Amino acid sequence: MVKEMTEPKTVLMIDDDVDFVRAVRALLESAGFKVRAAGNGRDGLQLAKTLEPDLILLDVIMSERTEGFFVLQEMRRVPALANKPVIMLSSIYNDVPAFRVDPEAGWLPANLFLAKPVDPKRLLAEVTRLTTTAAAEGRQQ
Amino acid sequence: MKILKMAKENLDFFVSVLPAFGEVYAPLERGKGYVFERPSKWSDVRLKYTRTLLPPKKLMLPPRETTFVFDPDKGYQDRLEEASKPMVLFGVHSYDIFGLNILDRVFAQSKYTDPYYIARRKNTAVVGIDFEPDDKHLASSLNTDFVDSGFDLFLSDIGDHYLVLVGTSRGDDMVVMSNCLMTRPTGADFEEYKRRSMQRRASYKAHLVMEDLPEILEMEYHSKVWDEMGERCLSCGSCSMVCPTCYCFDINDEVQLGSRKGERIRSWDSCLLKTHALVAGGENFRGARSSRVKFRYYHKQRGFVAEYGRPSCVGCGRCVEACPVQINIITVIESIRGEHHGIASSARASS
């Protein structure tokens with residue numbers, strides 16, 4: 001999918017927390033991003049396939065507590081989504097004390113993991129950075 | 001061998017970490033049965049299952065695969081890279097791990113090794129799990145109800161936790177990556193493991209006497225039981241397709257029309273099929289159904305013992321479940337031993 005340089009970047013949010021989606025949508029839209037959202041992993045994956053967004057914000061705990069991890073695996077198997085920047089946003093490390101597996105340990109095929117609550121400035125900076133990097137890499141190819 | 005334990009409630013997290021070791025395949029429910037497939041969410045995974053329709057063989061030796069493509073301009077191009085794609089087989093029962101160990105002997109440890117099989121097996125992590133036998137499992141009779149090699153990790157139910165046996169360094173890597181989920185077992189955990197193991201062994205409903213079977217088969221080569229079997233068997237090949245250790249395959253070159261490019265295809269074959277022993281000139285060495293069905297039994301229960309020291313049957317019960325005319329290995333062996341009178345009558349009695 002080829003996009004014009006001036007076209008706003010699209011961010012897909014897959015998260016079942018309606019309030020959080022509303023807040024992040026406001027933040028990103030004010031910075032010029034176009035935001036689409038899905039409330040569960042299955043719908044999110046479907047939307048990601050048709051939309052091919054510039055970046056995906058993915059929650060972990062939705063209808064199942066590992067749903068985001070499985071969705072991410074599925075995404076990486078879709079050629080059009082295999083290299084899409086994905087930021088995982090989750091409270092899993094706070095909510096589920098049993099799960100202390102470091103996201104930096106190399107098992108998670110996301111570009112970044114941010115624990116909720118997320119610092120809005122940091123989130124905006126990372127979304128901007130990753131969409132810019134991905135666009136630059138796309139132009140080089 | 002390192003032994004750890006993991007709370008059952010954390011298994012979903014553990015499986016979330018496994019993709020770091022390859023594409024995860026796990027037992028999922030399909031229709032009335034189970035299959036090894038990629039789960040799209042944790043709740044799809046079935047930890048308590050009887051047996052999958054097809055054994056893990058389908059991933060090590062796919063039903064149909066291109067081994068190489070040929071092109072007069074480019075020569076031969078193998079597909080080894082594709083076959084080397086890492087996989088994780090999660091939730092494999094002990095008899096299926098035994099099945100893989102038997103395939104290893106044939107494809108990875110024999111005189112003529114198979115690079116495609118070896119590539120897949122080497123790059124596939126196996127996480128085993130214990131099971132409760134049903135009325136078709138013969139694993140205790142075949143000594144495949146416990147396995148001590150061929151897996152990276154093996155999970156045994158001890159109540160709220162699984163005892164985790166670490167079988168390889170790759171299994172140890174899995175433990176390291178998910179270290180927070182594993183803890184040290186106590187003496188009470190080991191006692192519980194032993195109690196459940198004994199209980200499980202005692203719970204087998206199906207039994208088969210395997211001692212001296214090769215000799216009995218030798219003596220009964222001309223038994224009329226084989227004729228009865230030939231009358232009953234449909235030669236559909238289902239038993240060998242679902243068998244974890246039936247490995248016969250056929251090779252065909254498929255050439256593109258109007259060109260000299262093509263590919264070499266390997267696909268599953270079965271000694272039950274009429275064409276299996278058909279050769280050029282129309283001669284068929286096993287034209288009679290009775291000879292084909294007899295061959296299968298002799299190869300698995302006698303020939304394999306002579307070659308590898310044990311039968312290639314692992315007691316999974318798939319052949320019993322798949323046979324459309326209810327041929328049951330137990331009644332066949334009992335008939336050969338003279339403990340049953342007629343395959344048909346015994347099969348009817350069991351159906």
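Helix α3 (residues 67-77) of chain A is largely enclosed by the rest of the structure, because nine of its 11 residues are buried, buried meaning under 20% relative accessible area, exposed over 50% and partly exposed in between (1.4 Å probe, protein chains only). This is a predicted model, in which local features need pLDDT of at least 70 and side-chain atom pairs count only at pLDDT 80 or more, whereas totals for chains, interfaces and linings use all residues. Residues are numbered from 1 along each chain as its sequence is written, chains are lettered from A and ligands numbered from 1 in the order in which they are written, and side-chain values use heavy atoms, with hydrogens and water left out. Helices (H or I, at least four residues) and strands (E, at least two) are DSSP runs, numbered from the N terminus.

**Surroundings of helix α3(A)**

- The buried residues of α3(A) include Phe69(A), Phe70(A), Val71(A) and Leu72(A), and Glu67(A) and Arg76(A) also belong to that list.
- These buried residues pack against β1 (10-14), α2 (41-51), β3 (55-58), β4 (86-90) and α4 (92-95) of chain A, together with α1 (11-17) of chain B.

- Leaving aside neighbours within four places in sequence, Met88(A) is in contact (heavy atoms within 4.5 Å) with residues including Gly68(A), Phe69(A) and Leu72(A).

**Salt bridges**

- A search of the whole structure finds 40 salt bridges over all chains, each being a side-chain nitrogen of Lys or Arg within 4 Å of a carboxyl oxygen of Asp or Glu.
- Glu126(A) and Arg129(A) form one of them, with their closest N and O atoms 2.8 Å apart, and both residues lie in helix α5 (residues 120-140) of chain A, three residues apart, about one turn of the helix.
- Within this pair, Glu126(A) is buried at a relative accessible area of 10%, whereas Arg129(A) is partly exposed at 42%.
- In chain B, the closest N and O atoms of the salt bridge between Arg46(B) and Glu29(B) are 2.8 Å apart, and this pair links distant parts of the chain, with Arg46(B) in the loop between β3 (33-37) and α2 (57-60) and Glu29(B) in strand β2 (residues 23-30), 17 residues apart.
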